[in-house]
Amino acid sequence: MALQLISSSDSDSDSDLEGVGYSESDDSNNNGPRPRPRRIKRINFMHNLNDTDFTFRFRLNKPAVELLLTEIMPFVRVTSMRNNGVPPLHQLLLTLRFYALGTMLISVADFIGVSKSSAGRIVRDISVAIARLYDKYVVMHQQIGADKFYSIAQFPRVLGAIDCTHIRIQSPCLTIGEEFRNRKNYFSLNVQAVCDADLRLMNVVARWPGSTHDATIFNNSVLRAQCDSGAFGNRWLLGDSAYPNRNYLLTPILSPVSDHEQRYNYAQIKTRNTIERTFGVWKRRFPVIALTLRLSLRTVQAVIIATAVLHNICRSYNLAEVSPEVELPPTDIADINEGPQNAGLHDIRQRTDLVNNYFRN
């Protein structure tokens, strides 16, 4: 279906720079009444762009945008009734364009034809609306996926791969800013994620400052409580050495000696690499999370969760990967592992049994 939603505006901040204009003579007659603004139709990107150009600019194809718009419509509103309000479709496209460029808000404001303040409000509201779909699209798959993980390197009973990635932000404020400075000396949120073998995100935690260690995030997460309660049966998460080894979270052996320990490490690392690949695909499709987010913390968190939802929509509907339109920092595509400091107590019984009873053969 083609969506062409037109509505009105009631605040100057929502005025459309393309939709409202004056001739040069408008300002010359200072004695008469001010002329009414001319309304100019907004660009119909769904109609004017072919499928390839549309997907490149907005990171989703047209059917996916139509589906997404339908799902977020209950949470989207046009707040103004004067001049030209911003239709929900254009609000969504502005936000997707911001995700694609990760640039200053003024750039995407000009793209759609609104003020910078309106662009900021739209990005915030649409990101929150998309983030509301988290529970529908970001789900821990308890009964599927082990076979696909096994096909990577013959590692059995894998639930998912877990790791953290740093999302760059501007310093929040003077009082707490240093909490967000990470070990690479820039401000960030340290975002924990779990993926499946199809590179879909199954769990995302986006609320911890960049200085927080990976193990601390996991130990204070709902996911850890679920694992402790046995919610996922006898399946394992695979993590790097930043995490404590537990009976449900297996990490590499730091100093492998025997052949079977080396075989375990090879299979564990190769299978766990799916989370690094997921981070790469996620950030390439939505460069906004690979660059520096200059938004409020709440909006930053909404953007991260929203792009996670969109990433899963793209993976679920087998949308082809889209190359980034801007240059990305290479170190942010695959973060360097943090190492074992502060990882906490280790429970290596499950790992030892697996190494001795499975990888020995």
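Buried means under 20% relative accessible area, exposed over 50%, and partly exposed in between, computed with a 1.4 Å probe on protein chains only. By that cut-off, 54% of the 361 residues in the protein chain are buried.

This is a predicted model: local features need pLDDT of at least 70, side-chain atom pairs count only at pLDDT 80 or more, and totals for chains, interfaces and linings use all residues. Residues are numbered from 1 along each chain as its sequence is written, and side-chain values use heavy atoms, with hydrogens and water left out.

**Whole chain.** Colour by secondary structure. The protein chain has 14 helices and seven strands. These are DSSP runs numbered from the N terminus: helices are H or I with at least four residues, strands E with at least two. Contact means heavy atoms within 4.5 Å. Of the contacts with a separation of 6 or more, 73% join residues 24 or more positions apart.

**Arg42.** Select the loop between β2 (38-39) and α1 (45-48); Arg42 lies there. Its relative accessibility is 12%, so Arg42 counts as buried.

**Lys62.** Go to helix α3 (residues 62-72), which holds Lys62. Lys62 also counts as buried, at 15% relative accessibility. Leaving aside neighbours within four places in sequence, Lys62 contacts Met46, Leu49, Asn50, Asp51 and Phe54.

**α2 on α4.** Ala, Val, Leu, Ile, Met, Phe, Trp, Tyr, Cys and Pro count as nonpolar, Asp, Glu, Lys and Arg as charged, and the others, Gly among them, as polar. Show α2 (residues 51-58) and α4 (residues 88-101) as axes: they pack at about 70°, 7 Å apart. That makes α2 roughly perpendicular to α4. Axes are lines fitted to C-alpha atoms, for helices over the stretch in contact, and angles run from 0 to 180 degrees between N-to-C directions. Under 35 degrees counts as roughly parallel, over 145 as roughly antiparallel, 65 to 115 as roughly perpendicular and the rest as oblique.

**α5 on α6.** Select residues 105-112 (α5) and 116-131 (α6); their axes come within 8 Å and cross at roughly 95°. This pair, too, is therefore roughly perpendicular. Leu105, Ile106 and Ala109 of α5 touch Lys116, Ala119, Gly120 and Val123 of α6. By class, that is five nonpolar, one polar and one charged.

**The core.** A nonpolar core is a set of buried Ala, Val, Leu, Ile, Met, Phe, Trp, Tyr and Cys residues joined through side-chain atoms within 4.5 Å. The largest has 69 residues; Tyr99, Ile130, Val204 and Trp282 touch the most other members. Helix α12 (residues 297-316) gives the largest share, 10 residues. Domain 1 (45-137) and domain 2 (146-293 + 340-359) both contribute, so this core lies between them; the bounds come from an automatic or database domain assignment. Another core, of 17 residues, lies apart from it, with Met140, Met202, Trp208 and Leu237 among its members.

**Positive phi.** Finish at two loops. Gln154, between α8 (146-153) and β3 (158-168), has a positive phi of about 60° although it is not a glycine. Gln154 is partly exposed, at 40% relative accessible area. Asn318, between α12 and α13 (330-333), has a positive phi near 55°. Asn318 is exposed, at 68%.
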